[in-house]
Amino acid sequence: IKVRACAERYSHTYPAYGTHPLYVARVDEIACIAALRTWLKNEMSGPCAPVAVGEIGLDFHLPELDPARQEYLLTEQLRLARRHDLPVILHVRHSVDRVLKCLRQQHIGRGIAHAFNGSTEQAQALIRQGFKLGFGGAMTYSGSQRIRRLAASLPLDSIVLETDAPDIPPAWAPRSEPAFIARYAAELASLRGISIEEVAEATSANARAALNLPAPAPVG
């Protein structure tokens with residue numbers, strides 16, 4: 001409801017609905033899926049129709065989160081995404097290979113892998129599956145060598161920029177803010193040795209393609 005209210009209040013914002021794996025211990029998974037099924041059915045034809053199911057996925061970093069319950073929630077939400085022909089926004093912390101298996105089983109081939117922090121091989125597998133990879137605050141730390149190498153070397157048409165505000169803060173601030181997206185674009189441009197304009201154009205187009213968003217209206 002809060003997500004929908006935000007989309008109604010602010011123009012050029014688009015909602016996505018789903019249950020994050022960190023909430024697996026707080027919900028009844030069967031009731032949760034039933035509620036999401038009804039919500040998506042009712043919202044698909046409304047003024048704030050969702051552009052994705054998400055953020056959903058698996059988190060194997062925290063041992064207290066039941067992997068089986070997580071995978072049940074993920075699989076059922078992937079089925080709902082397929083039913084409504086929606087892309088998915090993925091949480092893949094220490095779980096890329098297992099998430100990929102679920103995507104293949106449910107024939108899901110469009111969306112964004114949020115806050116990607118896997119290997120080059122896993123990045124390439126997600127790209128082959130049809131996904132864009134999200135980069136943001138973690139990319140701004142000089143010590144995040146693997147993430148920075150991926151940001152510099154992966155095909156530009158596979159990358160989207162994100163803030164995840166207020167989480168995943170950048171090197172220069174204690175928390176992330178949506179306004180930082182321009183500085184993240186500058187960081188990516190520096191890593192790749194290209195202009196910030198090229199980064200902005202490419203990553204914006206990638207986000208629109210991943211989420212089937214309309215192109216911006218021409219200026220002037």
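## Ground rules

Residues are numbered from 1 along each chain as its sequence is written, and side-chain values use heavy atoms, with hydrogens and water left out. Since the model is predicted, local features need pLDDT of at least 70 and side-chain atom pairs count only at pLDDT 80 or more, while totals for chains, interfaces and linings use all residues.

## The ring pairs

Rings of Phe, Tyr and Trp (its six-membered ring) pair if their centres lie within 6.5 Å; planes under 30 degrees apart are stacked, over 60 edge-to-face, and the rest tilted. That rule gives four aromatic pairs. Take Trp-172 and Phe-180: their planes sit at 70 degrees with the centres 5.5 Å apart, so this pair is edge-to-face.

Trp-172 also pairs with Tyr-184, this time tilted, at 5.8 Å centre to centre and 55 degrees between the planes. Trp-172 is in the loop between β6 (159–161) and α7 (181–192), and Tyr-184 is in helix α7, so the pair ties together parts twelve residues apart in sequence. (Helices, H or I of at least four residues, and strands, E of at least two, are DSSP runs numbered from the N terminus.) Together, Trp-172, Phe-180 and Tyr-184 make one aromatic cluster.

Buried means under 20% relative accessible area, exposed over 50%, and partly exposed in between (1.4 Å probe, protein chains only). Tyr-184 is buried at 0%, Phe-180 is buried at 12%, and Trp-172 is partly exposed at 30%.
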